[in-house]
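Me: Could you take me through the structure shown here, and tell me on what grounds each term is applied to it?

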Amino acid sequence: MRKLLLATAAILIAAAGAAYSQDAKMSFFVTSVGSGKGADLGGLKGADAHCASLAEAAGVTGKSWAAYLSTSDTDARDRIGKGPWVNAKGVKIADDVASLHSDANGITKQTALNEKGKVVNGRGNTPNRHDVLTGSKPDGTKIADQTCGDWTMSGAEGAAMMGHHDRTGLDDSAAAKSWNSSHASRGGCSQEALKGTGGDGLFYCFATN
């Protein structure tokens with residue numbers, strides 16, 4: 001009996017260690033799903049809560065999460081902490097805010113994983129889901145009138161700036177390869193409009209601590 005108890009305790013300790021290792025690791029992901037209501041995320045508060053919910057469902061706890069989204073009075077780059085950030089596989093995305101917004105960042109289709117550690121569909125996949133909501137310029141600052149009413153709109157009105165998590169577009173322009181500022185949504189802020197250009201209402205989440 002004593003041996004059984006010791007063995008059980010060892011297994012529990014090992015499991016706790018594995019969980020702690022995972023918790024300490026992932027600090028960046030692309031959401032596996034959006035709100036289901038297009039660009040209506042319930043504002044920044046709702047988007048942040050969505051990040052936290054997905055992370056916790058994936059077994060990552062003890063972190064504060066922020067969606068990489070700009071609004072009419074907030075810049076996405078100021079919401080996400082200081083870094084460094086790594087994905088679910090422990091691959092570094094960036095050391096800090098400056099490197100995240102430079103050509104030195106590590107965001108590619110292979111590294112911009114969702115919270116489950118899975119690759120997100122990009123250009124060439126069916127369906128294409130590479131349009132990621134940001135409302136931001138390449139430097140991470142806000143773009144006027146391209147935040148779908150500060151992430152509260154889901155109809156035919158409004159527009160949202162989006163990036164390509166796979167760094168791939170219709171051509172070789174800087175915009176087509178931008179992870180955070182590629183093009184605006186067309187046809188509004190609805191789920192259908194976002195899907196129409198190769199998106200699904202997904203967004204980036206960063207751990208701020």
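Reply: What follows is a set of questions about the terms, each with its answer.

Reply: This is a predicted model, in which local features need pLDDT of at least 70 and side-chain atom pairs count only at pLDDT 80 or more, while totals for chains, interfaces and linings use all residues. Residues are numbered from 1 along each chain as its sequence is written, and side-chain values use heavy atoms, with hydrogens and water left out.

Me: How do you know what span to expect for H2?

Reply: The expected span is 1.5 Å times one less than the number of residues. H2 (residues 43-57) has 15 residues, and its reach of 21 Å from first C-alpha to last is close to the 21 Å expected.

Me: Why is Cys51 called buried?

Reply: Buried means under 20% relative accessible area, with exposed over 50% and partly exposed in between (1.4 Å probe, protein chains only). Cys51 has 0% relative accessibility, and therefore counts as buried. Other buried residues of H2 include Gly43, Leu44, Ala47 and Asp48. In the chain, buried residues make up 49% of the 209 residues.

Me: Which other cysteines form a disulfide?

Reply: Cys148 and Cys189 do, with their sulfur atoms 2.0 Å apart. The pair joins Cys148 in helix H4 to Cys189 in the loop between E7 and helix H5 (191-196), 41 residues apart. Cys148, at 1% relative accessibility, therefore counts as buried, and so does Cys189, at 0%. The structure holds two disulfides, and with the bonded cysteines numbered in sequence order the pairing is 1-4, 2-3.

Me: What makes a group of residues a nonpolar core, and which members touch the most others here?

Reply: A nonpolar core is a set of buried Ala, Val, Leu, Ile, Met, Phe, Trp, Tyr and Cys residues joined through side-chain atoms within 4.5 Å. The largest has 42 residues, of which Trp65, Leu69, Leu100, Leu133, Trp151 and Phe203 touch the most other members. Its largest share, six residues, comes from E8.

Me: How do you know that E5 and E6 pair?

Reply: Two strands pair if DSSP finds at least two bridges between them. Three bridges join E5 to E6, which run antiparallel, so these strands meet the requirement. Within E6, Met162 has Leu133 standing opposite. Two bridges join E6 to strand E7 (residues 183-184), again antiparallel, and there Met162 stands opposite His183.

Terms used. Helices (H or I, at least four residues) and strands (E, at least two) are DSSP runs, numbered from the N terminus. A disulfide is a pair of cysteine sulfur atoms within 2.5 Å.
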